[in-house]
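Here's a friendly walk through this model, one topic at a time. Keep the sequence and the 3D view open as you read.

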Amino acid sequence: MPMARVFSGVQPSGDLTIGNYLGALRHFVVLQHEHECYFCVVDLHALTLPQDPGELRARTEKVAALLLACGLDPARVTLFVQSHVPAHAELCWLFFGLTYLGELSRMTQFKDKARNRKTVTTGLLNYPVLMAADILLYQAGLVPVGDDQKQHLELARDIAVRFNNRFGETFVVPEPMIAKVGARIMSLDDPTRKMSKSETPDSYVALLDPPEVVAAKLARAVTDSGREIRYRPKEKPGISNLLTIYALSAGKTVREAEAEFDGLGYADFKKAVAEAVVETLRPIQARYRELIGSAELRDILREGSRRAADVAAVTLRTVQEKMGILLP
Ligand code: AMP
Ligand code: TRP
């Protein structure tokens, strides 16, 4: 069996956070050594919610630079911007005829995002169909994501199976790759919710936060009234989240981290967490500063979209033929 292809996407909808890094990006870096990898800045997904046009453009470039700064090697991976490969939108449209309203309106992320909005766009509803198109276009067998994307991936699998049943074996059915530790980094000011770039800046550490901001945010992180530094996600969600962040940043297990801080006070513990996070971010921020706005970055993205478009064209063509499109 040939080695599975890897595909994953990151939205340019805000600052990337250490949740993105610990839950997804750091796995991308490992996978590039073992698999043929495609990583995509999914600007069309970001447009399912209102975006400021200038900011979206700047963030798209910023996210691409950050992916590289985290350690992706353009000689090993194909890194590109989703809208640069029109086949994503085309396959998405073809999939609409295979997707049911019920399965989209039941998605928890749709329900969360639609809640408290006066109007809900069909973009928000159809978001997971575009994600299925992203993955299936590259015949990806493995999709590294955080825990929040599990349900979307289930839909991508269902669409692949449905298509294969109706039109004959065409798509690889993708498997999610969700890590045991770090797949759900929680918010610093409410550890019962996931850390998200769409919340207030105090709730997350951004990959580009300077050291003093990292220290201040972690010092303010919500903990609990006890004194023990123990990993107990139910009873001590704040402390458990900080232990996870520390362990992954320092390259230790959660058990080792617990032992290290046994008997220490919360304030000292938070300082140690901040130091480990700052050290993780230091090389990423340095490389980011070299890349942002550079001709090197533009060249990498141009080459990436060229390579991606070649692979995508083969799949799209097969799908068009099978579905009955009269080819030009
Ligand atoms: P997004 O920023 O929503 O495009 O997410 C990019 C990747 O980061 C996806 O694989 C998400 O599942 C992952 N991710 C986002 N937030 C978190 C979090 N708080 N903890 C772990 N993984 C996350
Ligand atoms: N929906 C994903 C997120 O918000 C981003 C995404 C878009 C993605 N297309 C994808 C992730 C394909 C994995 C595979 O995190």
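## A pair within one helix

Glu 290 and Arg 287 sit three residues apart in helix α12 (residues 266–291), which is about one turn of the helix. Helices here are DSSP runs of H or I with at least four residues, strands are E runs of at least two, and both are numbered from the N terminus. The two side chains meet in a salt bridge, with N and O 2.7 Å apart. That term stands for a side-chain nitrogen of Lys or Arg within 4 Å of a carboxyl oxygen of Asp or Glu. Side chains of opposite charge can pair when their charged atoms come close.

How open are these two residues? Glu 290 counts as exposed, at 52% relative accessibility, while Arg 287 is partly exposed at 28%. The labels work like this: buried is under 20% relative accessible area, exposed is over 50%, and partly exposed falls in between (1.4 Å probe, protein chains only).

## Where these values come from

This is a predicted model, so a few ground rules apply: local features need pLDDT of at least 70 and side-chain atom pairs count only at pLDDT 80 or more, whereas totals for chains, interfaces and linings use all residues. Residues are numbered from 1 along each chain as its sequence is written, chains are lettered from A and ligands numbered from 1 in the order in which they are written, and side-chain values use heavy atoms, with hydrogens and water left out.

Another salt bridge brings together the side chains of Asp 202 and Arg 220, at 2.9 Å from N to O. Asp 202 is in the loop between β5 (175–177) and α9 (211–219), and Arg 220 is in the loop between α9 and α10 (237–250), so the pair ties together parts that are 18 residues apart in sequence. Asp 202 is partly exposed, at 36% relative accessibility, and Arg 220 is exposed, with a relative accessible area of 52%. There's also a network of salt bridges that links Glu 303, Arg 306, Arg 307 and Asp 310.

## Around ligand 1

Ligand 1 has 16 residues around it, and Gln 11, Gly 146, Asp 148, Ile 185 and Lys 197 come nearest. A residue makes this list if one of its heavy atoms lies within 4 Å of the molecule. Helix α1 (residues 18–31) gives the largest share of the shell, four residues.

Now for the polar contacts, meaning pairs of N or O atoms within 3.5 Å (within protein, one must be able to donate a hydrogen and the other to accept it, and residues adjacent in sequence count only if both atoms are side-chain atoms). A side-chain N or O atom of Asp 148 is 2.5 Å from an oxygen atom of ligand 1, and a polar side-chain atom of Asn 20 lies 3.0 Å from an oxygen atom of the ligand. Met 195 uses its backbone instead: an N or O atom there is 2.9 Å from a nitrogen atom of ligand 1. Taken alone, ligand 1 exposes 490 Å², and the protein buries 94% of that. These areas come from the Shrake-Rupley method with a 1.4 Å probe; for residues, only the protein chains shown count as cover.

## Around ligand 2

Which residues are closest to ligand 2? Out of 13 that surround it, they are Gln 11, Tyr 127, Met 131, Asp 134 and Gln 149. β1 (5–10) and α7 (122–137) each supply at least two residues of this shell, and α7 gives the most, with four.

A nitrogen atom of ligand 2 is 2.7 Å from a side-chain N or O atom of Tyr 127, and a polar side-chain atom of Asp 134 is 2.7 Å from a nitrogen atom of the ligand. Gln 11 places a polar side-chain atom 3.0 Å from an oxygen atom of ligand 2. The protein covers 91% of the 360 Å² of accessible area that ligand 2 has on its own.
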